[in-house]
Amino acid sequence: MKQNTIGNYFNKMKEKANAVLESSTQTGELVTKAEDKTTQSDKQGLRDLGAQVKALVRLVRSYKKGDYRDVSKKSMVLIVAGLLYFVSPIDAVPDFLIGAGLLDDATVLAFLFKTLSSEISAFQTWEETEEDTYIKPAP
């Protein structure tokens, strides 16, 4: 019998990630679910987790809109897989186990941020530059 580990569940999410990334509808649903779940993680005292997810959500959204493309397809698949893992209620440690249920999610996200740190940092720098060049309308 195959052991249910974080790696096994994450690999299942990687298999689904390509299809989700290709579908605007599925990508939209994923980012909405991820944003909704960040409020839950904030309530459980995992604010850093919520901030990480929000950065990934913004990256996926910008990528799908075509605003930001300076990230590899392989990295995008990993990011989408990480978000799928995050929003899935059934993974290595079920999310209904208050506190512990988000720890495996935090582990997956920490892996993503460590593995893709240069691409995520480049996106965040681009994001700040874009924000600085945006001319806000007069009040």
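User: Is the crossing of H1 and H4 left-handed or right-handed?
Analyst: This is a predicted model. In it, the axes of helix H1 (residues 6–22) and H4 come within 7 Å. They cross at roughly 115°. The hand of the H1 and H4 crossing is right-handed.

User: How many nonpolar residues does the contact of H1 with H4 have?
Analyst: H1 brings residues including Ile6, Phe10, Met13 and Leu21 to the contact. H4 brings, among them, Met76, Val80, Leu84 and Tyr85. By class, the contact of H1 with H4 has four charged and two polar residues, and the nonpolar count is 14.

User: Which type of aromatic pair do Tyr68 and Phe123 form?
Analyst: The whole structure holds four aromatic pairs. For Tyr68 and Phe123, the centres are 5.1 Å apart and the planes are at 70°. Planes over 60 degrees apart count as edge-to-face. The Tyr68 and Phe123 pair is therefore edge-to-face.

User: How many residues apart in sequence are the parts that the Tyr68 and Phe123 pair ties together?
Analyst: Tyr68 lies in the loop between helix H3 (47–65) and helix H4 (73–87). Phe123 lies in helix H6 (residues 117–133). Both residues are buried. The pair therefore ties together parts whose separation in sequence is 55 residues.

User: What is the pair of Tyr68 and Trp126: stacked, tilted or edge-to-face?
Analyst: The ring centres of Tyr68 and Trp126 are 4.9 Å apart. Trp126 is in helix H6, so this pair ties together parts that are 58 residues apart in sequence. The planes of the two rings are at 50°, so the pair is tilted.

User: Is Trp126 buried or partly exposed?
Analyst: Ring pairs link Tyr68, Phe123 and Trp126 into a cluster. Tyr68 has 4% relative accessibility and counts as buried. The buried class ends under 20%. At a relative accessible area of 23%, Trp126 is partly exposed.

User: Which residue lies over the face of Tyr63?
Analyst: Two charges over rings can be named here. Lys37 lies over the face of Phe86, at 4.8 Å from the ring centre. For Tyr63, the distance to the ring centre is 4.2 Å, and the residue over its face is Arg69.

Key. Residues numbered from 1 in each chain as written. Predicted model: local features only at pLDDT ≥ 70, side-chain atom pairs only at ≥ 80, totals over all residues. Heavy atoms only, no water. Phe/Tyr/Trp six-rings, centres within 6.5 Å; stacked < 30°, edge-to-face > 60°. Helix = DSSP H or I, 4+ residues; strand = E, 2+ residues; numbered from the N terminus. Buried < 20%, exposed > 50% of the residue type's maximum accessible area, 1.4 Å probe, protein only. Lys NZ or Arg CZ within 6 Å of the ring centre and 35° of its normal. Axes fitted to C-alpha atoms, helices over the stretch in contact; angles between N-to-C directions. Left-handed = near helix turned anticlockwise from the far one by under 90°. Contact = heavy atoms within 4.5 Å. Nonpolar A, V, L, I, M, F, W, Y, C, P; charged D, E, K, R; others polar.
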